[in-house]
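Below is a short briefing on a single structure. Please look over the sequence and the model before reading the points.

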Amino acid sequence: MNTYCVPRGGKIELLIRPIDGIYGLNKTEKNLIEEVLDETYERCINCFQAIRDSYYSTDGICPYHLGQYMTFLYFLGNTLSRRYLAEGSANQDVQDLCDKIFMTSLTISSADIYYKHEMPAIFLPAHPLGAVFTGKAKIGDYFFFTQGCNIGINHGKGPTLGEGVVMWGNSKIVGDCHIGNHVMFAANAYIKDMDIPDNSIVFGQFPNVIIKENEEDKIMEVLNERFYMKG
């Protein structure tokens, strides 16, 4: 276990220090974090135990590892939002706290993943600097992405991604797209309002997109290097 790994039930000062240091946390906000901490840990550990990476552990969360800490901040804000900011309800204390958590994550990681947007239960951000995801996207488990990736809307519609989608650097999925299971986007690939079948590798930029069948199972090779895949 990493020296700075914070286990379940451990002191949370190390985890909330960046939020407090940048934006400040009052007593009410700290109490709100305590209220959702167990559920947040549960979601983090569920995600981490599926990741095949020596830096990840089910023993706790390391705030000095960008991917782990960004994941923790996302689940923390999203758990608060789910519990207290359901549609039609308003809680200014929670709203302010969620905004502080989101902005802390954005400041540290440069990844724009809003707490009201639903990420999958299992995902792996690898050097996620500059990633931007729309809340109108639906993303399946075992989602792997790197720097500069964009999942965006076009004419108000966002994409749907199956399980085991891999996005390499600066790839983009925009608009009314339906992406199958086990699909890999090459670096700088860009599609808009397109459907991509299962087991495909995507190259090029819209409208000059090249879709290749995954004949040598390169996608599962990538996924199995990074996740403990079920089945």
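In helix 4, the buried residues are Val94, Gln95, Leu97, Cys98, Lys100, Ile101, Phe102, Thr104, Ser105 and Ser109; buried means under 20% relative accessible area, exposed over 50% and partly exposed in between, with a 1.4 Å probe and protein chains only. The model is predicted, so local features need pLDDT of at least 70 and side-chain atom pairs count only at pLDDT 80 or more, while totals for chains, interfaces and linings use all residues. Residues are numbered from 1 along each chain as its sequence is written, and side-chain values use heavy atoms, with hydrogens and water left out.

- Helices (H or I, at least four residues) and strands (E, at least two) are DSSP runs, numbered from the N terminus.
- The buried residues of helix 4 pack against helix 1 (13-23), helix 2 (27-48) and helix 3 (66-84).
- Serine 110 follows helix 4 and has a positive phi, near 60°.

**Glutamine 68**

- Glutamine 68 is part of helix 3, and its relative accessibility of 2% is why it counts as buried.
- Setting aside neighbours within four places in sequence, glutamine 68 is in contact (heavy atoms within 4.5 Å) with Phe48, Tyr55, Tyr56, Gly60, Ile61 and Cys62.

- An open sheet of 4 strands runs in the order 3-6-9-12 with parallel pairing; two strands pair if DSSP finds at least two bridges between them.
- Its edge strands, strand 3 (138-139) and strand 12 (195-196), each pair on one side only.
- Strand 3 and strand 6 (residues 160-161) are joined in the parallel sense over 2 bridges, and isoleucine 139 stands opposite leucine 161 in strand 6.

**Aromatic pairs**

- The whole structure holds 13 aromatic pairs; rings of Phe, Tyr and Trp (its six-membered ring) pair if their centres lie within 6.5 Å, and planes under 30 degrees apart count as stacked, over 60 as edge-to-face and the rest as tilted.
- The rings of tyrosine 142 and phenylalanine 227 have centres 5.6 Å apart and planes at 80°, so this pair is edge-to-face.
- Tyrosine 142 lies in the loop between strand 3 and strand 4 (143-145) and phenylalanine 227 in the segment after helix 5 (218-226), so the pair ties together parts 85 residues apart in sequence.
- Tyrosine 142 counts as buried at 5% relative accessibility, and phenylalanine 227 is buried with a relative accessible area of 0%.
- Phenylalanine 144 and tryptophan 168 also form an edge-to-face pair, because their ring centres are 5.3 Å apart and their planes are at 75°.
- Phenylalanine 144 is buried at 2% relative accessibility, whereas tryptophan 168 is partly exposed at 25%.
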